[in-house]
Amino acid sequence: MRLLANRPSPLFITCVIVPTIAAMLYFGLFASDIYVSEARFVVRSPSKAAVTSLGQVLGGAGLGGGATEESNAVVEYLESRAALTDADKDKLLTRAYSAGTVSRFDRFGGLLPANLERFFDYYLGKVEVEPDTTTQVLHLSVSAFAPNDARAINERLLEQSEALVNRLSTRARSDAVDAAQDDARAAQTRARDAAVRLAAYRNRAGIIDPEKEAEARLQGISKLEDELASARTQLQQMESFTPEASQIPYLRTQVASLQREIARRRLGVAGGRNSLSAAAARYQVLLLDSELAAKNLAATLVSLQDAHAEARRKRAYVERIAPPSLPDYPIRPRRLGGIVAVFVLGLLAWGILTVLLAGVREHREG
Amino acid sequence: MSTAAHGFRASLGVQGRVLHALLLREMLTRYGRHNIGFLWLFVEPMLFTLGVAALWTAAKAYHGSDLPIVAFALTGYSSVLLWRNMPGRCIGALWSNLSLLYHRNIRVLDIYVARVLLEFGGATMSFAGLSILFITLGWIDPPRNILEVVGGWLLIAWFGAALAITLGALSHQSELVDKLWHPASYLIFPLSGAAFLVDALPTAAQEYVLYIPMVHGTEIVREGFFGTRVHAHYDLAYVIPFCLALTFVALFTVQHTARRVVPE
């Protein structure tokens, strides 16, 4: 193995010197400064009950699922094309990432043709969302070539996430409340219809309450019966003691007319086609309908109230812990570190190849 | 320069012939010409994988995704066989081949490389064969991105080969390596990504699991196989330097051992 004696071997040049010089050129001259703006936020969704210690254990083991639906939705959204197109509506991202001040190697569309698919790939390389399963905090960091761009893009993505969470939560809430409201409205119309039908029947039949009316009529009938009984007794007494009395024909007419009246009234209460009992059957049906509808209405009103309360409880929202920061120093690229890494990897590759090639050379013909 | 290049090419030819001869010898001594002979080379790992796939299917093992368990077992267990069998074969390989070192052109590294190549071939044929079989039977879908599967597979093989050669060379100097490898390989197996998807682990555990190099390879193979159905976690910027460094260590251990080896 020949180290840097007087002239470095071609292998050393290709494995170590060329890559290191390339790295020095890139990191020293070409690589543009990258500013990283970071924001931290929580997606609050009170539908998730307070985490018990058991829940924490399960969540920690990857079984319970630590994050909530809404925060998963935010992560998925931020890593989707929709987030990119939404954020780039006024070409903020396009301008920030393909500005002429950015070096050709780092710029979007600098070396490769610019199209939407490549821009999405590029975007994924610049935006990082990291959910922390134990604390439920989401870290959103955005890299850009100017501090203001980094913060503006971060701010915009954060706003879009907020809009998404609001949309999801409004939707979930309005779905439940809408259904309950529809139910309540239907119950209301049914109750009203039933009451109207009952009132119309009362008007038509000319009775308020058949049972009470029947009672009143029966009372009338029994009074007539009493009168009939006393008239009969009087008639009997007169016929046996004073058969010649002049009142007897009068009493006879009274008894007869009382009997006719009683028969007529009985027919009005029960039996005939226009009797009260026939009316009561129809009336009972309508009354029952109306009562059921009223009870149903009360129940749906209670569930509507519950739905409203549940919706108030279900409200999910984004809580900003730390707003997008304005970086004042480019933390990337790590220029010296990059050069050293390339140098060390080159040395390793050179070492391996040297030993391998030396191993091959140990085989000789003959 | 041209003479040097010519000499190098000649040496490479010699080494190729040596490796070829060693491979044939290895196959014959290990499997002989009885029954199906060298077919055992890949039938053996196939049976292993089939058994594990059947066992996991029967047990409905939990693996944290909605992938078919057969596909999961195939990608996971084949990867394990790939990196686990190479060190297994290379440990102690030198002792059984010491007499060969009388030949000038058979070097210590050749013996290890021959065994590594044999294991790689066996595991690859088993993986490919079973994949084709399962795809034909309709149990699994064809891989989404074959090149990515190949890349992940080669990455695991690289790691396995470097580990195998290091351990093989060390085992010639100390018997401890042989004794420790067996428990170690069984302990690493559950951590190697064969039985779980990194995505199914909590974030805190993912961070540590990704220090294990084979996990990255297995994840790449799975991503190539299943496409976007799995959310693969891997970091080439970690595995490739790791493998480079391990290869470096491997070659230097071999040199160290070769200088000390005493042919019988």
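Modeller: Gladly! Within chain B of this predicted model, mean pLDDT (the predictor's confidence in each residue, from 0 to 100) is lowest among the elements in helix α2 (residues 40-59), at 80, and highest in helix α6 (residues 146-173), at 92. Helices here are DSSP runs of H or I with at least four residues, numbered from the N terminus. Chain B as a whole has a mean pLDDT of 85, with 95% of its residues at 70 or more, and the model scores ipTM 0.72 and pTM 0.70.

Two notes on conventions. Residues are numbered from 1 along each chain as its sequence is written, and chains are lettered from A in the order in which they are written. Local features need pLDDT of at least 70 and side-chain atom pairs 80 or more, while totals for chains, interfaces and linings use all residues; side-chain values use heavy atoms, leaving out hydrogens and water.

Now the contact itself (heavy atoms within 4.5 Å): chain B contributes 25 residues and chain A 22. Together they bury about 2200 Å², 67% of it on carbon and sulfur atoms; this is accessible area (1.4 Å probe) lost on being put together, summed over both parts. F8(B), L244(B) and L251(B) supply 22% of what chain B buries against chain A, more than any other three residues.

One salt bridge crosses the interface, joining the side chains of R107(B) and E362(A) at 2.9 Å, N to O; the rule asks for a Lys or Arg side-chain nitrogen within 4 Å of an Asp or Glu carboxyl oxygen. On chain B, α1 (2-31), α5 (108-137) and α10 (236-260) each supply at least two residues of the side touching chain A.

Conventions: Buried area is the accessible area (1.4 Å probe) that two parts lose on being put together, summed over both.
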